[in-house]
Amino acid sequence: MATSRPKIPSELRRRVLIEAGHRCAIPTCKSTPVEIAHIIPWAKVQKHEFKNLIALCPTCHTRFDHPHSSIDRKAMRQYKANLNPLLAISLANWSGQADMLAAYQELRGRFAEWIPAEVEYAEIKSRRSSSRKKVEASRSNAVSKCAWAIGAIADFQSAWGKSEVSDLAGAIFYHVADWCDEVEGASFPLPKNVKHRDILEEISEASSELHLMVCAELSM
């Protein structure tokens, strides 16, 4: 028996269409007309949420829904994130939202410095040919960047308060921090099980989810 599925509210539909410029959200397509698609299928979520909706042309929508499609959910989240509705938000009269946006931008910037520095440290520490001096210099750089990231996550959680957004940002930070502790505590050179972890891949989906949650909150 088919599940009763309510229509997407007109205002929510309008927001999704405006976000994509009334064109297909896949940048190499941009076709019209468009339909509203669920990134995580309706059958699983049973609700309509801005962060989970995206505008697609009928062809791309059909391709995405196909079980063997090359357009997977991770790619669709990235297409959604690339639309970046934050750029279209007017925050001039909303000091609280402006502070939240500034804290998010600072967090992204600090993470963009910290994580590559930690990855570089892990790579240098994994090579037998690396000198102790080079390993220590790389470690010092990573520790410095980590200190900035700690400050950024504290400011972010202060600006956003107790919320799902704040909790997710913290989970991402602690996941990376746990990996950093693993690298720091491992012998030289790093054992393969530590060396071969792809920390950027491990946090990619959560990072996209964080971005979409921030966009959804600030575009209301």
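Start by selecting helix α7 (residues 164-185) and helix α9 (residues 199-218), which pack at an angle of about 165° with their axes 10 Å apart. Helices here are DSSP runs (H or I, at least four residues), numbered from the N terminus. Axes are lines fitted to C-alpha atoms over the stretch in contact, and angles run from 0 to 180 degrees between N-to-C directions. α7 and α9 are therefore roughly antiparallel, a label for angles over 145 degrees.

Keep in mind that this is a predicted model, where local features need pLDDT of at least 70 and side-chain atom pairs count only at pLDDT 80 or more, while totals for chains, interfaces and linings use all residues. Residues are numbered from 1 along each chain as its sequence is written, and side-chain values use heavy atoms, with hydrogens and water left out.

Next, show the side chains where α7 and α9 meet: the contact (heavy atoms within 4.5 Å) includes Leu 168, Ile 172 and Trp 179 of α7 and Ile 203, Leu 210 and Met 213 of α9.

Now click Leu 107, Phe 111, Trp 114, Phe 156 and Leu 210: of the 39 residues in the largest nonpolar core, these touch the most other members. Such a core is a set of buried Ala, Val, Leu, Ile, Met, Phe, Trp, Tyr and Cys residues joined through side-chain atoms within 4.5 Å; buried means under 20% relative accessible area (1.4 Å probe, protein chains only).

Finally, zoom in on Trp 114, whose contacts include Ala 142, Lys 145, Phe 173 and Cys 180, not counting residues up to four places away in sequence.

Notes. Helices (H or I, at least four residues) and strands (E, at least two) are DSSP runs, numbered from the N terminus. Angles under 35 degrees count as roughly parallel, over 145 as roughly antiparallel, 65 to 115 as roughly perpendicular and the rest as oblique. Buried means under 20% relative accessible area, exposed over 50%, partly exposed in between (1.4 Å probe, protein chains only).
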